[in-house]
Amino acid sequence: MKVEEKLAINAFKTDNESHITINQKICRTKCTVRYCIAVCPGHLYSYNEENNEMVVEFAGCLECGTCKIACLDGAITWVYPKGDFGVQYRYG
Amino acid sequence: MEKIDVVIVGAGLSGLACAYKLAEKDMQVIVVERGDFPGSKNVTGGRLYIMPIEKMAGDMLEGAPFERKIVRERWSLLGDENSLGIDLTSEKFRKENHSFSILRATFDRWLADKLMEKGVFVIPKYRVDDLRWENGMVVGVKAGEEEIYAHVVVAADGVLSFMGEKAGLRPKMSPQNYAIGIKEIIELPEQKINDRFNVETGEGVAHLFLGDVTKGLFGGGFLYTNKESVSLGVVVGIKALMESKQNIEAHTLMDMFKNRYELRTLIQDGSVSEYSAHVIPEGGFNGISKLYGNGILLTGDAAGFALNMGVTVRGMEFAMASGIVAAETIIQAKEANDFSEKSLACYETKLKETFVLKDLETCKAMPAFLDNESFFTFYPKCFSDLVEKIMWFDEGPKAGIGKTAWNHMRSSGMIGWKRLMELYRIKNL
């Protein structure tokens, strides 16, 4: 079962605005490791080589915060989604 | 500005337990929660050990929606293509109320409802953005344009505790001190769970896995039976994952785990109904943050109250106990009408008298001891291979069992200084 399919089972309430902001300059010039791609349990980070930028599909965020901890260069600014938004666990 | 007694950020177990005890003393309390309902942003493995908190909780847990009483404890060491297990059954575990599997969306919501019946406001969909300060004291919280002022703010806002950070009580989170837990809820009929896990109705299993589940990285797998589902997951150290030379992506561990023979038969025909993830504190005693400041207390995961004991992991009873102790502290502070850091310092003193800080301190050498790849590669493989060799009978003459064991232990490196040192170090745990 693909991780995208698993995320599709969850209940999400998606905000128009992302709760994750990425400083692309740091991703381009400073970061050589891209830990965010490996650590995210939702597999939401990918690097778009064409546009030379890090992309995050914030709508599928499980709100664990692992990327925030793993981004040692400080490119990721991560806050909780606003009240009324984000993942809503029905089991937890 | 009008102040209430206490505002609690986060309607998880520590926040709710704290509010419950404050409400018993008729304190004015508001609990704010960013999720749609309490529990909707929470994830547990998981099980709750109730004996440590039974006395201090009073009637708090009466009527709690437990999933199953855990009566079997299983551990499996996973080699690449074999595994070796231990399965504890005990009439003692069956007779006593020792530990229960729970689901947070059900459990926390139930506890919050019980609180609201006591007249406590639990406000959902409320994300706190910042603290309010006055003369160096925390005096409330701010959410958008709204503000709530209180004598004490309880930061019960979980492992990422933005409030603890804003209060300057928590250092920057280091990958070494945290793990990521990834979990699936797999639904199965109640009777099928009873049959597959060899338990009676209402009874359940806790099963931990070590070894190939994390491909040798710090961490392990877990399975807890719920009433009509199993909670199946993988925990892996964030630092270990970052430094992994195999370029493992966290989400792939889950599927590799599920595809193992040992798991396939247990979850066959089950349907996945949720995929969740949460960060877990792994720093133990040395990972605890500063617990109090002027007008603020940290509880539960926000304070770092979680304990990986190797053979089991504990957190929720630590959360509830710390919430209860925080409430006692606040009640005293109100009597003295002093909410300063100095007055709230007895929170730590009180916690030292409970299992919360006692058990964490007892196990303070555990994180360093477990930070050893031997436990995640060498031992699981070595023991499984040993038993596999002993139990294998083919056309050739069978070598003596003792000799087989001895040769395996020598060639695998089971006998040597490194192992002896690891054995010697268990005396510190």
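Biologist: How many of the 429 residues of chain B count as buried, as a percentage?
Modeller: A residue is called buried if 20 or more other C-beta atoms, placed from the backbone, lie within 10 Å of its own, exposed if there are 12 or fewer, and partly exposed in between. By that count 50% of the 429 residues of chain B are buried, and for chain A the share is 41% of its 92 residues. Keep in mind that this is a predicted model, in which local features need pLDDT of at least 70 and side-chain atom pairs count only at pLDDT 80 or more, while totals for chains, interfaces and linings use all residues. Residues are numbered from 1 along each chain as its sequence is written, and chains are lettered from A and ligands numbered from 1 in the order in which they are written.

Biologist: Why is B:Lys92 classed as exposed?
Modeller: B:Lys92 is exposed because 9 other C-beta atoms lie within 10 Å. B:Lys92 belongs to helix α3 (residues 91-95) of chain B, where helices (H or I, at least four residues) and strands (E, at least two) are DSSP runs numbered from the N terminus. The C-alpha atom of B:Lys92 is 32 Å from that of B:Phe218, which stands 126 residues away along the chain.

Biologist: How many helices and strands does chain B have, and what is its radius of gyration?
Modeller: Chain B has 18 helices and 19 strands. Its radius of gyration is 23 Å, close to the 22 Å that the globule rule gives for 429 residues, so chain B is as compact as a globular protein of that length; the radius is taken over C-alpha atoms, and the rule is 2.2 Å times the number of residues to the power 0.38. The C-alpha trace of chain B spans about 85 × 45 × 40 Å along its principal axes.

Biologist: In what pattern do the helices and strands of chain A follow one another along the sequence?
Modeller: Chain A, with four helices and six strands, reads α-β-β-α-α-β-β-α-β-β. Its radius of gyration of 13 Å agrees with the value near 12 Å that a compact globule of 92 residues would have.

Biologist: Is the crossing of α1(B) and α4(B) left-handed or right-handed?
Modeller: A crossing is left-handed if the near helix is turned anticlockwise from the far one by less than a right angle, and right-handed if clockwise. The crossing of α1(B) and α4(B) is left-handed, whereas that of α1(B) and α11(B) is right-handed. In the latter pair, helix α1 (residues 13-24) and helix α11 (residues 316-336) of chain B have axes that come within 7 Å and cross at roughly 35°.

Biologist: Which residues of α1(B) meet α4(B)?
Modeller: Two residues are in contact if their C-beta atoms, placed from the backbone, lie within 7 Å. On that basis B:Leu13, B:Leu16, B:Ala19, B:Tyr20 and B:Ala23 of α1(B) meet B:Asp108, B:Leu111, B:Ala112 and B:Leu115 of α4(B). By class there are eight nonpolar, no polar and one charged, with Ala, Val, Leu, Ile, Met, Phe, Trp, Tyr, Cys and Pro counted as nonpolar, Asp, Glu, Lys and Arg as charged, and the others, Gly among them, as polar.

Biologist: How many residues does each chain bring to the contact between chains A and B?
Modeller: Chain B brings 39 residues and chain A brings 29 residues. On the side of chain B that touches chain A, β15(B) gives the most, with eight residues. That side has 20 nonpolar, 10 polar and nine charged residues.

Biologist: Which peptide bond is cis, with omega near -25°?
Modeller: The bond from B:Gly45 to B:Gly46 is cis, and B:Gly46 lies in the loop between β2 (29-32) and β3 (47-49) of chain B. Another backbone feature is a positive phi in a residue other than glycine, as in B:Lys125, where phi is near 55°. B:Lys125 sits in the loop between β7 (121-123) and β8 (130-134) of chain B.

Definitions and conventions: Axes are lines fitted to C-alpha atoms, for helices over the stretch in contact, and angles run from 0 to 180 degrees between N-to-C directions.
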